[in-house]
Amino acid sequence: MAITLIKGGTVVSSTGRSKQDVLIDGQTIAAVLDPSDTSLAADLTERADTVVDATGKYVIPGGIDAHTHMEMPFGGTFASDTFETGTRAAAWGGTTTIIDFAVQNKGGSVKDAIEQWHQKAAGECAIDYAFHQILGDINEQSLIDLRSLAAEGVTSFKMFTAYPGVFYSTDDQIFRAMQVAAEEGLLPMMHAENGPVIDVIAEQLVKEGKTSPYYHGIARPWEMEEEATHRTIMLSRVAHSPVYIVHVTAKQAMRQVQAARADGHLVFGESCPQYLYQSLEEQLGAPGFEGAKYVCSPPLRSKEEGHQEDLWMALRTDALSVVATDHCPFCMKQKQMGANDFRKIPNGMGLVEHRMDLMYQGTVNGRISLERFVDITSTGPARIFGLYGRKGVIAPGADGDVVVYDPNGSTTIGINDTHHMNLDYSNFEGWHIDGHVDTVLSRGKVVVDETGYVGTKGDGEFVACKPSQMIG
Ligand code: URP
Ligand code: ZN
Ligand code: ZN
């Protein structure tokens, strides 16, 4: 077994930081050592097969992106990143685990969806991967199938109050699935927007000739996110089930999560970098068809309304617990499907490579502490989705998923030649980060170093999720 020593760095966890060396034996962290024992450090340096010099750098647990959609069939096309290209890009950016959504479409089965997602991902991935289940058709059989999900290593499932005719579920369907979740120890997740009302507004806008990408945002007011978030939380309370609200964008929706948590309910909230940095006016409202690149649901919110400040504060105080990407990229040709009607623009943005950098920048900008950065990008999602211990922590027995991050480096997010997603533009093109992902180890193997990506397709393996470690 190869021995790797990461020496001279500052190990940052969700609760603190200190100068420590990290010893990895094969795929697993064997020890976290006090570097003041110079004779031990010298001996290990001598014996290690690989020594990573982390002097002056942060050593953090590999990122966990708890919300990705590789090759997702959506909006009449497929998300442009495959498991191969998307996980490689993730590795470049310091993410060492993704949790992707296996899709049950209308008329399809839950069991087939999981099987299909295994087929898509097996042997393709650069980093480890786990699955959530999308429930796109809640019926007697899918409720039965939910009961065997945990045995497959899938302990969370997503439902939608949005997208009528596609993934939309009614309140009674949602309630029944939540009751099963409560019985089986599963974690329901919700895309919370009032889809039927949004569809009415969208149709009215198009009839008025308001067809540009900007109107995607106008058709999806924050009130409809707040309403669906509130409804979801109330349904979960009556079903005695926990619930995780994905991609929270509006301060009012966040406050629903915050209030439920303060009331002692097991409600978790996630946001995404685009909602923390970008806006309806600046990106979605960009001239011409440029805004199509930023069409995602829920939409980017108005800067004037002050959502970004409140979302950052919510991350700081744990009202929101996770930052994931909702990575669901579509190339410009695919976005062109909605050139004359924003409703036909495939919804989604490409971010899996940039999440760690963008959230690190939050520490530079004084929005969150370094420890909180580690918590919301790695430790928190590991705990919520039942991966903690193996993932989300630098400690003996954990997988050797480690990122060496240079606070004195810099990164400019760029187009084709400087990002690695299968996407012909970048959603953060030209944005500057005051830090740099230097070295990435996935289960003890260096997959990114100063020369770039040095891993191999198929390095990544399926990781079974246990029941959420936050539910108990
Ligand atoms: O626009 C989005 N969010 N696309 C991906 C599907 C979803 O709702 O998460
Ligand atoms: Zn969603
Ligand atoms: Zn999503």
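Biologist: Hi! What spacing do the donors of the zinc ion (ligand 3) follow along the chain?
Modeller: Hello! Their pattern along the chain is H-x1-H-x256-D. Keep in mind that this is a predicted model.

Biologist: Thanks. Which residues coordinate that zinc ion, ligand 3?
Modeller: His67 and His69 each use NE2, and Asp326 uses OD, at 2.0 to 2.1 Å.

Biologist: And what would you call the site's geometry, going by the angles?
Modeller: Irregular: the 4 donor atoms of the zinc ion (ligand 3) make angles of 88 to 140°.

Biologist: How far apart are the zinc ions, ligand 3 and ligand 2?
Modeller: They are 3.7 Å apart.

Biologist: Switching to ligand 1, where does it sit?
Modeller: You'll find ligand 1 in the largest cavity.

Biologist: Which residues come nearest to ligand 1?
Modeller: Of 14 residues around ligand 1, the nearest are Lys158, Tyr163, His191, Ser297 and Asp326. That shell has 5 nonpolar, 7 polar and 2 charged residues.

Biologist: What does the polar side-chain atom of aspartate 326 lie close to on ligand 1, and at what distance?
Modeller: A nitrogen atom of ligand 1 is 2.6 Å from a polar side-chain atom of Asp326. The protein buries 100% of the 260 Å² that ligand 1 exposes when taken alone. Asp326 is also one of the residues coordinating the zinc ion (ligand 3).

Biologist: Nice. And how far are lysine 158 and histidine 69 from oxygen atoms of ligand 1?
Modeller: For Lys158, a polar side-chain atom is 2.8 Å from an oxygen atom of ligand 1. For His69, the distance from a polar side-chain atom to an oxygen atom of ligand 1 is 3.2 Å.

Note on methods. Residues are numbered from 1 along each chain as its sequence is written. Chains are lettered from A and ligands numbered from 1 in the order in which they are written. This is a predicted model: local features need pLDDT of at least 70, side-chain atom pairs count only at pLDDT 80 or more; totals for chains, interfaces and linings use all residues. Side-chain values use heavy atoms; hydrogens and water are left out. A residue is near a molecule or strand if one of its heavy atoms lies within 4 Å of it. A polar contact is a pair of N or O atoms within 3.5 Å; within protein, one must be able to donate a hydrogen and the other to accept it, and residues adjacent in sequence count only if both atoms are side-chain atoms. Accessible areas come from the Shrake-Rupley method with a 1.4 Å probe; for residues, only the protein chains shown count as cover. On a 1 Å grid over the protein atoms alone, a cavity is a set of points where a 1.4 Å probe fits but cannot get out, and a pocket is an open set with protein on both sides within 12 Å along at least five of seven lines; lining residues have an atom within 4 Å of a point. A molecule sits in a cavity or pocket if more than half of its atoms lie within 2 Å of its grid points. Ala, Val, Leu, Ile, Met, Phe, Trp, Tyr, Cys and Pro count as nonpolar, Asp, Glu, Lys and Arg as charged, and the others, Gly among them, as polar. Donors are N, O and S atoms within 2.8 Å of the metal (3.2 Å for Na, K and Ca); water is not among the atoms, so sites may look incomplete. Four donors count as tetrahedral if all angles lie between 85 and 135 degrees; four count as square planar and six as octahedral if opposite donors are over 155 degrees apart and all others between 65 and 115; anything else is irregular.
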